[in-house]
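Please open the model in a viewer and keep the selection tool at hand. The stops below are given in the order in which they may be selected.

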Amino acid sequence: MSDSDVAEYAAAMRTAVEASESARGRTSPNPPVGAVILDASGTVVGIGSTQPPGGPHAEIVALRDAGERARGGTAVVTLEPCNHTGRTGPCALALIEAGIARAIYAIGDPNPVATGGADRLRAAGIDVRSGLLADVVARGPLRAWLHKQRTGRPFVTLKYAASLDGRSAASDGTSQWITGPDARAHVHAERAKLDAIVVGTGTVLADDPLLTARRPDGSNAGHQPHRVVVGTRDVPVDARIRGIDAPTTFVHSHDPHDVIAALAEHTDVLVEGGPTLAGAFLRAGVVDRIVAYVAPVVLGSGVAAVENAGVGTISDALRFSIESVQSLGTDLVVVAVPKNQE
């Protein structure tokens, strides 16, 4: 491929990643894939993302968008087109029948049931290329699904809001609000893309949270993550988390591994509990990413954002690498991953 072709396909792959972001939280157990169809001249004529289980995969949505303009064109997909017949037919076959001349994907499908699409496309005479922007795609919406395929457990993000000196609440226990409205809106937007949110009974008893994903006007978002309450203390029957806004599961244990086992059917999980729960998950070694909302506030004393993470001396510190830093109004959101996951 020429340099201009590579640039054209890279732009299409970034569009496919953006499309896949819209599918996060709605596709499990299927991966949130994005696809773009270019016509024979290189013009984008179709864009698609994976639909909820039972619905069409990204390639099918993009092909329907493109119609006859797909013939002789190029399919750019974040994940290798599947070669599996389940609730839907194989995407590789659909691309062949649409007359696609070239297929480009970022990452091979690690699922042994669905893999083989690239070979099927090649056997049909289609030019197949792989690896385009693989690093970008692996850190994007497919990240949690790829992690689960590799490890067999959900991808766990630990989220907390804190002051500059690492406090999640003042000495009298008040915590609303450390961060500003932009950061809180960002939290709700991210919740709407998750499979599950984990919180401890301590937080439920102290704050009585809804733990739902809400739009800026206060209405519920279209997708609500599964709420998981961890701990052995009783939660009142009239607690808001018992409401019908979203499904709720109670895990009567303090062991993060028990929580992980209870979340076996989920892929992308957020731990949003208090400092005790945060420390337990870090101590158990099951945190795959930290998202910290940091406000330009100093409290001086009060509740630490994380407690008892199993670190007794500086040499035992849990080391992370900063993946991104973003301004949200007056606050920052810092994303970090364990050193061994760089």
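In this predicted model, begin with the second largest pocket, to whose lining helix 1 (3-21), helix 6 (143-151), strand 6, helix 7 (181-191), strand 11 (268-271), strand 12, strand 14 (320-328) and strand 15 each supply at least two residues. Helix 7 gives the largest share of that lining, 4 residues. The space in the second largest pocket amounts to about 740 Å³. Its lining comprises 29 residues, and Glu-21, Arg-24, Glu-190, Arg-289 and Val-335 are the closest to the centre. Colouring the lining by class gives 12 nonpolar, 5 polar and 12 charged residues.

**The two domains**

Next, colour the protein chain by its division into domain 1 (3-142) and domain 2 (153-338). The contact takes 6 residues from domain 1 and 10 residues from domain 2. A distance drawn between the C-alpha centres of domain 1 and domain 2 comes to 34 Å.

**The cavity**

Rolling a probe the size of a water molecule over the atoms shows where empty space is left. A search of the whole structure for cavities of 30 Å³ or more finds 1. The largest cavity holds about 110 Å³ of space. Select Gly-25, Thr-27, Pro-32, Asp-195 and Thr-267, which lie nearest its centre among the 14 lining residues. The lining of the largest cavity has 5 nonpolar, 5 polar and 4 charged residues. Domain 1 and domain 2 both contribute to this lining, so the largest cavity, too, lies between them.

**Strand 12 and its partners**

Of its 6 residues, 5 are buried, so strand 12 is largely enclosed by the rest of the structure. On one side of the pairing list is strand 6 (residues 155-162), which runs parallel to strand 12 and is joined to it by 6 bridges. Within this pair, Thr-157 stands opposite Arg-289 in strand 12; Arg-289 was also among the residues closest to the centre of the second largest pocket. Strand 12 also pairs with strand 15 (residues 331-338), in the antiparallel sense and over 5 bridges.

Follow the chain onward to Pro-296, in the loop between strand 12 and strand 13 (303-304). Is Pro-296 buried or exposed? Its relative accessibility is 52%, so Pro-296 counts as exposed, the cut-off for that class being over 50%. Beyond its neighbours within four places in sequence, Pro-296 is in contact with Leu-164, Thr-330 and Asp-331. A C-alpha to C-alpha line from Pro-296 to Pro-154 spans 32 Å, the two being 142 residues apart in sequence.

Move to strand 1, where 5 of its 5 residues are buried. In a regular strand the side chains alternate between the two faces of the sheet. In strand 1, Gly-34, Val-36 and Leu-38 point one way, Ala-35 and Ile-37 point the other way, and all are buried.

Strand 1 is joined to strand 2 by 5 bridges, and the two run antiparallel. Gly-34 stands opposite Ser-49 in strand 2. The hairpin of strand 1 and strand 2 has 5 residues between the strands, and Gly-42 there takes a positive phi near 95 degrees. Strand 1 pairs with strand 3 as well, in the antiparallel sense over 4 bridges. In that pairing, Ala-35 stands opposite Val-77 in strand 3.

Select helix 2 (residues 58-66), which is mostly covered, with 7 of its 9 residues buried. The buried residues are Ala-58, Glu-59, Ile-60, Val-61, Ala-62, Leu-63 and Ala-66. Their cover includes strand 1 (34-38), strand 2 (44-49), strand 3 (74-79) and helix 3. Just after helix 2, Gly-67 takes a positive phi of about 65 degrees.

The last stop is Ala-98, in the loop between helix 3 (91-97) and strand 4 (102-107). Ala-98 has a relative accessible area of 17% and is therefore buried, the cut-off being under 20%. Setting aside residues up to four places away in sequence, Ala-98 touches Leu-63, Ala-70 and Arg-71. Leu-63 is one of the buried residues of helix 2. Finally, draw the C-alpha to C-alpha distance from Ala-98 to Val-334, which is 44 Å across a separation of 236 residues in sequence.

Note on methods
Residues are numbered from 1 along each chain as its sequence is written. This is a predicted model: local features need pLDDT of at least 70, side-chain atom pairs count only at pLDDT 80 or more; totals for chains, interfaces and linings use all residues. Side-chain values use heavy atoms; hydrogens and water are left out. Buried means under 20% relative accessible area, exposed over 50%, partly exposed in between (1.4 Å probe, protein chains only). Two strands pair if DSSP finds at least two bridges between them. On a 1 Å grid over the protein atoms alone, a cavity is a set of points where a 1.4 Å probe fits but cannot get out, and a pocket is an open set with protein on both sides within 12 Å along at least five of seven lines; lining residues have an atom within 4 Å of a point. Grid points are joined across faces, edges and corners, and a volume is the space filled by probe spheres set on the points. Ala, Val, Leu, Ile, Met, Phe, Trp, Tyr, Cys and Pro count as nonpolar, Asp, Glu, Lys and Arg as charged, and the others, Gly among them, as polar. Contact means heavy atoms within 4.5 Å. Domain bounds come from an automatic or database domain assignment.
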